Amino acid sequence: MVTTLTPMPEPVAPPAAPRPVAVAPVAPVNPAARAVIEIDDVDFHYGASKALHDITLNIMERQVTAFIGPSGCGKSTLLRCLNRMNDLIDGARVSAGQIRIDGVNINDPRVDVIELRKRVGMVFQKSNPFPKSIYENITYGLRIQGLKQKARLDEIVERSLRGAALWDEVKDRLHESALGLSGGQQQRICIARAIAVEPEIILMDEPCSALDPIATAKVEELIHGLKKQFTIVIVTHNMQQAARVSDRTAFFYLGKLIEYTDTRTIFMNPANPQTEAYVSGRFG
Amino acid sequence: MKRFFDAELEAFRSHLLQMGERAIEQTRLAMKALADADIALADKVIASDDELDKLEVKIDDEAIRYMTLRGPVASELRLIVVGMKASHDLERVGDEATGIARRSRKLAIEPRLELYADLPRMANIALEMLRDALDCFVQEDEQKALSVIRRDPEVDNINRLLYRRLTSYMIENPDTIARALELMFISKSLERIADHATNIAEEMVFLSKGLDIRHSDIGKQTELPTTGSHPPA
């Protein structure tokens with residue numbers, strides 16, 4: 001059920017001149033990967049206050065990209081730009097630049113934001129299952145899309161719960177309330193719900209910050225498995241989590257992208273002293 | 001921002017430097033014992049090896065503790081990894097110095113051969129290399145590290161030359177074989193010390209640039225490749 005965005009009729013702007021690229025000390029992660037999200041010179045405002053300055057970065061297909069940085073650095077704002085969650089906030093807007101997914105400008109008025117969010121799913125910091133049964137949580141989005149056949153819904157519920165590594169734990173109580181599950185299971189229900197509609201991209205905003213180490217390990221394991229099928233962008237305050245789960249890491253500070261490269265380079269040999277100070281806990 | 005455990009990293013760094021100083025001093029004294037036929041000095045060098053061994057254990061213990069409890073990344077992680085490797089090299093330098101001291105003890109009671117002259121010259125180069133490699137640790141000067149690496153063939157050449165000369169000498173004077181062999185082993189020890197200095201210099205390049213140049217031709221070049229981040233465009 002992969003949906004497509006309406007392609008724009010006007011020609012795509014010519015690509016910018018290539019930047020000077022330094023030799024990486026290690027081979028970049030899968031250099032053949034395709035950029036599925038292109039963020040080009042993006043500025044973002046909340047009313048008069050500028051939250052993002054001239055952000056340019058590409059998110060590669062079927063990789064995990066981590067956004068790190070101190071509170072207020074703009075990482076969550078940028079994440080929420082990727083499926084236009086910021087539309088819900090008054091006065092919040094991308095004030096310059098473009099965000100393209102598969103070459104289409106997602107802020108073009110002709111883009112259907114519901115379609116966009118089907119393709120770009122989201123998992124939040126606090127698990128937020130609907131006050132419904134486990135089964136209904138997973139099928140909610142599909143029913144809204146008009147899917148009614150029970151056999152098909154059953155199949156998707158099983159596949160999504162298996163995908164979220166939760167099937168064995170909940171298969172005998174699918175019709176019990178999702179609110180009766182543990183925190184870690186609730187978060188994995190939210191991931192199952194996100195993957196049920198078969199998005200291309202999953203955004204995760206600190207998905208483990210409220211979980212204990214065992215539940216965190218399960219979610220990280222899940223993220224690692226999901227990248228075979230999905231492109232994942234994760235915001236995290238946990239430096240070791242970024243190091244463990246991501247292929248690429250972007251470090252933000254005061255609304256600016258300071259450094260973006262392979263995760264190994266960020267944690268082994270960052271080019272920017274601010275990145276070095278942040279990842280080693282010397283910031284401030 | 002200072003962190004409450006920054007002092008641990010400083011202590012680690014200073015213990016490594018202290019170990020470097022001790023290894024240099026041991027080698028210097030072993031060579032002096034050889035030159036002066038000083039048995040008491042040779043005994044002192046042999047007895048002091050224990051200190052270097054203890055420092056190696058201490059440095060490893062500090063490194064493992066820091067990795068376990070402080071989660072080092074970036075330059076700190078490189079410092080810890082390099083510190084562990086360099087301390088192992090320095091411990092081996094100490095072993096070579098002890099070997100030289102043992103041999104000079106034996107040679108001290110024998111009539112002197114005339115082939116000593118090249119050994120002090122070789123020792124001077126090896127010790128300079130070691131000192132420069134350790135300076136890089138303080139200064140994070142990869143150019144100096146590269147110059148250490150480029151000096152290694154000089155010591156290798158002297159060792160080969162000495163080997164040939166000692167071989168012909170033994171053929172001509174079979175009664176000197178035992179003594180000449182001791183000199184050959186001392187020459188080999190000095191060559192090994194220069195190798196350890198080279199290893200440490202390579203480790204210092206990794207420390208300052210995050211670049212692993214072992215078993216490559218990079219060390220022979222005058223410029224290192226640029227490192228750093230790059231946009232994945």
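A: Let's take B:Glu202. Setting aside the neighbours within four places in sequence, B:Glu202 is in contact with B:Ile149, B:Ile213, B:Arg214 and B:Gly219. Bear in mind that this is a predicted model. B:Glu202 belongs to helix H6 of chain B, which covers residues 177-209. Is B:Glu202 buried or exposed? There are 26 other C-beta atoms within 10 Å of B:Glu202, and the cut-off for being buried is 20 or more, so B:Glu202 counts as buried. One of the contacts, B:Arg214, sits 12 residues away along the chain, yet the C-alpha atoms of B:Glu202 and B:Arg214 are 6.5 Å apart.

Now step back to the chain around that residue. Of the 233 residues in chain B, 42% are buried, and B:Glu202 is one of the buried ones. If you take the contacts in chain B between residues at least 6 apart in sequence, 79% of them link residues at least 24 apart.

At the other end of the element list, helix H1 (residues 6-36) of chain B packs with helix H2 (residues 39-70) of chain B, at an angle of about 160 degrees and with 9 Å between their axes. Anything over 145 degrees counts as roughly antiparallel, and that's why H1(B) and H2(B) get that description. The crossing of H1(B) and H2(B) is left-handed. As for what lines up there, the residues of the contact of H1(B) with H2(B) come out as 16 nonpolar, 4 polar and 6 charged.

Which residues of H7(A) are buried? They are A:Lys218, A:Val219, A:Glu220, A:Leu222, A:Ile223 and A:Leu226. A bit of helix geometry is handy when you look at a list like that: with 3.6 residues a turn, residues three or four places apart in an α-helix point the same way. The buried residues of H7(A) pack against several elements of chain A, namely strands S3 (64-68), S7 (201-205) and S8 (231-235), plus helices H6 (183-196) and H8 (239-245).

Conventions: Residues are numbered from 1 along each chain as its sequence is written. Chains are lettered from A and ligands numbered from 1 in the order in which they are written. This is a predicted model: local features need pLDDT of at least 70, side-chain atom pairs count only at pLDDT 80 or more; totals for chains, interfaces and linings use all residues. Axes are lines fitted to C-alpha atoms, for helices over the stretch in contact, and angles run from 0 to 180 degrees between N-to-C directions. Helices (H or I, at least four residues) and strands (E, at least two) are DSSP runs, numbered from the N terminus. Angles under 35 degrees count as roughly parallel, over 145 as roughly antiparallel, 65 to 115 as roughly perpendicular and the rest as oblique. A crossing is left-handed if the near helix is turned anticlockwise from the far one by less than a right angle, and right-handed if clockwise. Ala, Val, Leu, Ile, Met, Phe, Trp, Tyr, Cys and Pro count as nonpolar, Asp, Glu, Lys and Arg as charged, and the others, Gly among them, as polar. A residue is buried if 20 or more other C-beta atoms lie within 10 Å of its own, exposed if 12 or fewer, and partly exposed in between; C-beta atoms are placed from the backbone. Two residues are in contact if their C-beta atoms, placed from the backbone, lie within 7 Å.
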